[in-house]
Amino acid sequence: MALFGFGKPAAPPARQVPRHIAVTMDGNGRWAKKRGLPRSAGHAVGAETFRTIATYCKDIGVRYFTVYAFSTENWKRPQEEVDALMDLFRKYLREAAETMAARGVAVRILGDLTPLPEDIKTLIRETAEIADTLGEDAATASLCINYGGRDEIKNAVRRIAGQEIGRAHV
């Protein structure tokens, strides 16, 4: 710090930054409602915030940034809201993958993508192709879609049960 407000402030001491930061997006709809806006406006602001934070994380040296954005529970929301979220996802994938790649951030989509519409799956593949072109110096911003702890446990038990059944028939 500058002495008595004169001169340039001293640079903050060097600090280690975490390699990975993960965030659960929650409250975007409530944020919008509180401001008299539709819930979709809150989701749009949340998507832009993801992009801003992901590039900032890269700038300060955070290698991985993960956002849990759409859980399996979100399918239970009103269809209009789910449709708006899917439209936002389409728009985001078209824009963000290239603009973030230009900043050295690879966008990755994680989760069970099987129930997503085919056009979104195509956009996810295109996003992965863009990410694959970036070198090892790129940071990674992962967007988790259609994830859930209960589903993970259920799927793991099914895989284990399938392995046990397979062994029984050997």
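A contact here means heavy atoms within 4.5 Å. With that in hand, here are some notes on the model.

1. **Ground rules.** This is a predicted model, in which local features need pLDDT of at least 70 and side-chain atom pairs count only at pLDDT 80 or more, while totals for chains, interfaces and linings use all residues. Residues are numbered from 1 along each chain as its sequence is written, and side-chain values use heavy atoms, with hydrogens and water left out.

2. **Overall fold.** Of the contacts in the protein chain with a separation of 6 or more, 77% are between residues 24 or more positions apart. The chain has five helices and four strands, where helices (H or I, at least four residues) and strands (E, at least two) are DSSP runs numbered from the N terminus. Along the sequence they follow the pattern β-α-α-β-α-β-α-β-α.

3. **Surface and burial.** The protein chain exposes about 11,300 Å², with 57% of that supplied by carbon and sulfur atoms. Accessible areas come from the Shrake-Rupley method with a 1.4 Å probe, and for residues only the protein chains shown count as cover. Of the 170 residues, 33% are buried. For the terms, buried means under 20% relative accessible area, exposed over 50%, and partly exposed in between (1.4 Å probe, protein chains only).

4. **Helix H2.** H2 has 22 residues and spans 31 Å from its first C-alpha to its last, close to the 32 Å expected at 1.5 Å a residue; the expected span is 1.5 Å times one less than the number of residues. Its buried residues include Gly 42, Gly 46, Phe 50, Arg 51 and Cys 57. The buried residues of H2 pack against strand E1 (20-24), helix H1 (28-34), strand E2 (64-71), H3, E3 and strand E4 (139-147). Just after H2, Gly 61 takes a positive phi of about 100°.

5. **A nonpolar patch.** Tyr 56 is found in H2 (residues 39-60). Together with Val 17 and Ile 60, Tyr 56 forms a nonpolar patch on the surface, with about 270 Å² of accessible area in total. Patches are made of residues with over 30% relative accessible area and no salt bridge; like charges are joined within 9 Å, and nonpolar side chains (Val, Leu, Ile, Met, Phe, Trp, Tyr) within 5 Å.

6. **Salt bridges.** The structure holds eight salt bridges, each being a side-chain nitrogen of Lys or Arg within 4 Å of a carboxyl oxygen of Asp or Glu. One of them joins the side chains of Glu 73 and Lys 76 at 3.0 Å, N to O. Glu 73 is partly exposed at 39% relative accessible area, and Lys 76 is exposed at 65%.

7. **The pair within H3.** Arg 90 and Asp 87 meet in a salt bridge of 2.9 Å, N to O. Both lie in helix H3 (residues 79-102), three residues apart, about one turn of the helix. An α-helix has 3.6 residues a turn, so residues three or four places apart point the same way. Arg 90 counts as buried at 17% relative accessibility, whereas Asp 87 is partly exposed at 46%. Asp 87, Arg 90 and Asp 119 are linked in a network of salt bridges.

8. **Arg 108 and Asp 132.** The side chains of Arg 108 and Asp 132 form a salt bridge at 2.9 Å, N to O. Arg 108 lies in strand E3 and Asp 132 in helix H4 (residues 118-132), so this pair ties together parts that are 24 residues apart in sequence. Arg 108 is partly exposed at 27% relative accessibility, and Asp 132 is exposed at 53%. Leaving aside neighbours within four places in sequence, Arg 108 is in contact with residues including Ala 128, Ala 131, Thr 140 and Leu 143. Arg 108 and Ala 97 are eleven residues apart in sequence and 8.8 Å apart in space, C-alpha to C-alpha.

9. **Asn 146.** This residue lies in strand E4 and is buried, with a relative accessible area of 6%. Which side chain does Asn 146 join through a polar contact of 2.6 Å? The partner is Trp 75; a polar contact is a pair of N or O atoms within 3.5 Å, where within protein one must be able to donate a hydrogen and the other to accept it, and residues adjacent in sequence count only if both atoms are side-chain atoms. A polar atom of the Asn 146 side chain also lies 2.8 Å from the backbone oxygen of Asp 112. Beyond four places in sequence, Asn 146 has contacts with residues including Phe 70, Thr 72, Gly 111 and Pro 115.
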